[in-house]
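This briefing concerns salt bridges and backbone angles. Please consult the sequence and the structure shown here while reading.

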Amino acid sequence: MLFVSGCAEEPAGEDAGEEETSIIDNETGEGAIPGQEEESPIGGEEGIIPGEEEPALGENETGGDNQTIVETAEAAGYTTFASIVRDAGLEDTLNEGTYTVFAPTNEAFDALPEGTLNNLSEDNQDLNVMLTYHVVEGEYMASDLEDGQLLTTVQSEMIPVNITGEEIIIGNANVVEPDIIASNGVIHGINKVLIPPGL
């Protein structure tokens with residue numbers, strides 16, 4: 001009887017020991033398989049530095065903020081306008097002070113009657129008059145423009161602003177890309193080249 005009773009108690013003791021070991025292992029993690037820890041998603045995520053790509057975006061934005069009006073126009077795809085401004089010798093002028101520029105798209109220059117741009121380029125004075133007709137002193141964001149407003153261009157002519165709903169019209173050109181920020185002003189892309197009266 002004693003022998004049988006002793007045998008019956010030993011398995012119970014072993015089970016209890018195993019259960020205690022299992023509980024301790026779960027609490028401390030010491031019994032975890034090393035391979036499982038290495039494959040843990042948490043461990044993998046810690047190996048990746050969050051936001052590695054964010055500084056690059058920040059640098060690009062900062063670089064854009066430091067660009068002048070002509071540089072910003074060129075970077076935004078208004079390459080014909082930027083090129084003509086440089087050819088006319090106006091880049092340094094537009095780099096000084098604060099301006100709002102209504103920059104025609106490349107397509108707008110292409111749509112000019114054949115020979116118009118070449119004729120203007122041959123007369124530097126006329127070219128300057130045409131270009132400065134697109135420039136207003138001071139910074140006017142799209143939200144600053146008002147229907148019926150008259151803006152005085154650097155060329156000394158008045159240019160009207162008409163607003164219908166969300167459509168902004170400068171002279172006879174529609175604003176197609178507003179609020180392109182430069183370090184010394186703002187650019188609004190327009191879909192037509194503005195020709196000043198008398199030119």
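Asp179 counts as partly exposed, with a relative accessibility of 30%, in a model that is predicted. Asp179 belongs to strand S6, which covers residues 173-182. Its backbone also deserves attention: the phi of Asp179 is near 55°, a positive value in a residue other than glycine.

**Backbone angles**

- Most residues other than glycine have a negative phi.
- Ser156, although not a glycine, has a positive phi of about 80°.
- Ser156 sits in the loop between strand S3 (150-152) and strand S4 (158-164).
- The relative accessibility of Ser156 is 59%, so Ser156 counts as exposed, the cut-off being over 50%.

**Salt bridges**

- How many salt bridges does the structure hold? The structure holds two salt bridges.
- Side chains of opposite charge can pair when their charged atoms come close.
- Through shared partners, the salt bridges join Glu74, Arg86 and Glu91 into one network.

**Accessibility of the paired residues**

- Arg86 is partly exposed, with a relative accessible area of 31%.
- Glu74 also counts as partly exposed, at 35% relative accessibility.

How values were computed. Residues numbered from 1 in each chain as written. Predicted model: local features only at pLDDT ≥ 70, side-chain atom pairs only at ≥ 80, totals over all residues. Heavy atoms only, no water. Salt bridge = Lys/Arg side-chain N within 4 Å of Asp/Glu carboxyl O. Buried < 20%, exposed > 50% of the residue type's maximum accessible area, 1.4 Å probe, protein only. Helix = DSSP H or I, 4+ residues; strand = E, 2+ residues; numbered from the N terminus.
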